[in-house]
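This report looks at a ligand site and at some features of the backbone around it. Please keep the sequence and the model in view while reading.

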Amino acid sequence: MAELQSSRLPELPEAAYYISNFITAEQEALILEEVSKLPGGRWKVLTHRRLLSLPSQLTGTARDTLIDAALPRFLAKPILDQLKELEVFKDSPHSAPNHCLVNEYQPGQGIMPHEDGPAYHPITATVSLGSHTVLDIYRKNEEGEREVTPSWRILQEPRSLLITTGRMYGDTLHGIAEAQVDENLGPETIVNWNLLTDKDAFESGTAKRETRVSLTYRDVLKVAKVGNAMKFMNKKW
Ligand SMILES: O=C(O)CCC(=O)C(=O)O
């Protein structure tokens, strides 16, 4: 990812990259409009957020297999083209993301610290829409358990792209606190402070969250063609 060197966050384990204004405000509005048109019944509603797996949820006993299908156009254009230009998924098995998790958070909602797991090639590319958020990054201790307080915080502006890979993908956990307002924001506490476009919005040290939609693009390693998938599902049941 030679193109991305100026976007690398050197304080974090190898490697995370942050690009603000990855998409334009107009592109953001168009994607949000398409997300708002998705049938309510397709969303999985959790207590702390709602989410949608596209083109579909992973299947199989280990929930690690994607039925081969294209991503909807509004998730492909322009984001997949831009990820290709930056060669983000150049070395991944399908040379491009084949799956996108759409998460929607109201102010006060978040996501528990977690790892992304082995179903995916270890690269995650997340585009934020509609609001900023703060992603907490936790180390694991020697027993592999999550440390109690996050070691680092990444501020994701609306329209930004965050890429995590390598040790950052495998050796850390990430989560979003259930906060209405993010506090204690500044150059000492936010690892990508110098790469923010709109520092003025956060200079006071606090920022109120709005509704945020995140698009998390990944390359699922196991892909089944529809014919094979039917056989595979028959076997399962
Ligand atoms: O919404 C986000 O930025 C985080 C999403 C996430 O952690 C995930 O999809 O695994």
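## The shell around the ligand

The ligand is surrounded by 13 residues, of which the closest are Y105, H114, H174, R212 and S214; a residue is taken as near a molecule if one of its heavy atoms lies within 4 Å of it. This is a predicted model, in which local features need pLDDT of at least 70 and side-chain atom pairs count only at pLDDT 80 or more, whereas totals for chains, interfaces and linings use all residues. Residues are numbered from 1 along each chain as its sequence is written, and side-chain values use heavy atoms, with hydrogens and water left out.

By residue class, the shell divides into four nonpolar, six polar and three charged residues, where Ala, Val, Leu, Ile, Met, Phe, Trp, Tyr, Cys and Pro count as nonpolar, Asp, Glu, Lys and Arg as charged, and the others, Gly among them, as polar.

The ligand takes up the space of the largest pocket. On a 1 Å grid over the protein atoms alone, a pocket is an open set of points with protein on both sides within 12 Å along at least five of seven lines, and a molecule sits in a pocket if more than half of its atoms lie within 2 Å of its grid points. Two or more residues of the shell come from each of the elements β5 (99–105), β6 (111–114), β11 (172–176) and β14 (212–218), strands being DSSP runs (E, at least two residues) numbered from the N terminus. The largest share, four residues, is given by β14.

T172 belongs to strand β11. With a relative accessible area of 4%, T172 is buried, on a scale where buried means under 20%, exposed over 50% and partly exposed in between (1.4 Å probe, protein chains only). The side chain of T172 reaches the backbone oxygen of M168 at 2.5 Å.

## Backbone exceptions

Most residues other than glycine have a negative phi, and most peptide bonds are trans. The bond from E14 to A15 is cis, with omega near 5°, and A15 lies in the segment before β1 (16–19). Another cis peptide bond runs from L54 to P55, also with omega near 5°, and P55 is found in the loop between β3 (50–54) and β4 (65–67).

R63, which is not a glycine, has a positive phi of about 50°; R63 is found in the loop between β3 and β4 and is partly exposed at 48% relative accessible area. N184, likewise not a glycine, has a positive phi of about 60°; N184 lies in the loop between β12 (181–182) and β13 (207–208) and counts as exposed at 54%.

Conventions. 1 Å grid on protein atoms, 1.4 Å probe; cavity = no way out; pocket = protein on both sides within 12 Å on 5 of 7 lines; lining within 4 Å. Polar contact = N/O pair within 3.5 Å; in protein donor to acceptor, adjacent residues only side chain to side chain.
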